[in-house]
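Here are a few notes for you on the pockets and the ligand site. Have the viewer open as you read.

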Amino acid sequence: MYDKINQKIKKYAARLVVVSKTRSLEAIKKIYDLGQRDFGENRVQELMDKKDDLPEDIRWHLIGHLQTNKVKYIAPFAYMIHSVDSKKIWKEINKEAEKNERSIKILLQIKIAKEDSKYGFDSEELYELLDKTPPHMFPHTEVCGVMGMATFTDNMDQVRDEFRRLKKHFETIKENHFKDKSSFQEISMGMSGDYEVALEEGSTMLRVGSIIFE
Ligand SMILES: *Cc1c(COP(=O)(O)O)cnc(C)c1O
């Protein structure tokens, strides 16, 4: 499946982040040995437990909701944080990145699913925040784009619609706040059940787990 997804991705300008949560070190190592370097975890504790037993050149993506008190653990090494869903967590990441004398790549997570349970900024709330708190106020973060999760459903028309909305938000935010920033380029969307639709709708980063390890 790993090869199949990579074949498919080649036709698009997208990257694959292999979501390794709940997977064993052996299983992760196998995918690493196929050449994969971008891996995603959704829990800080699990990431900390695994990371030292895995190769150092892995680029670790934090993709799950993050609590402020956990940021300090991942700030020294995290490659990208996809799940920035409040000003509070953005500020904390900036602070911890500064302590570590580095800059951390982040994505702004936007709520696009119908379910209430999904984390993420309300788009209105995010637009307001970006107007009031321009990104240069957090100079130790590099805002690379947006992230979203579609509703968990078999209705691919709905999923497509939600991905289109995310892309629209990406374009609006880029136009209003990151026009001259070439680093604002990522749309992180697409999981095992909907990655094909996500690619068709302009995803630049897939976060795919189950179908790769099964
Ligand atoms: C688990 C997870 C994924 C991957 O889901 P799969 O269905 O296993 O591909 C992607 N994004 C986030 C935020 C996740 O928590």
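1. First, the terms. On a 1 Å grid over the protein atoms alone, a pocket is an open set of points with protein on both sides within 12 Å along at least five of seven lines, and its lining residues have an atom within 4 Å of a point. A volume is the space filled by probe spheres set on the points, which are joined across faces, edges and corners.

2. Please keep in mind that this is a predicted model, where local features need pLDDT of at least 70, side-chain atom pairs count only at pLDDT 80 or more, and totals for chains, interfaces and linings use all residues. Numbering starts from 1 along each chain as its sequence is written, and side-chain values use heavy atoms, without hydrogens and water.

3. The second largest pocket has a volume of about 210 Å³. Its lining includes Lys 118, Phe 152, Met 156 and Asp 194.

4. The largest pocket comes to about 390 Å³. Of its 22 lining residues, Lys 21, Asn 42, Ile 63, Met 149 and Met 191 are the closest to its centre.

5. Where does the ligand sit? The space it takes is the largest pocket (more than half of its atoms lie within 2 Å of the grid points).

6. Now the polar contacts (pairs of N or O atoms within 3.5 Å). For Arg 207, a side-chain N or O atom is 2.9 Å from a ligand nitrogen.

Methods:
1 Å grid on protein atoms, 1.4 Å probe; cavity = no way out; pocket = protein on both sides within 12 Å on 5 of 7 lines; lining within 4 Å. Polar contact = N/O pair within 3.5 Å; in protein donor to acceptor, adjacent residues only side chain to side chain.
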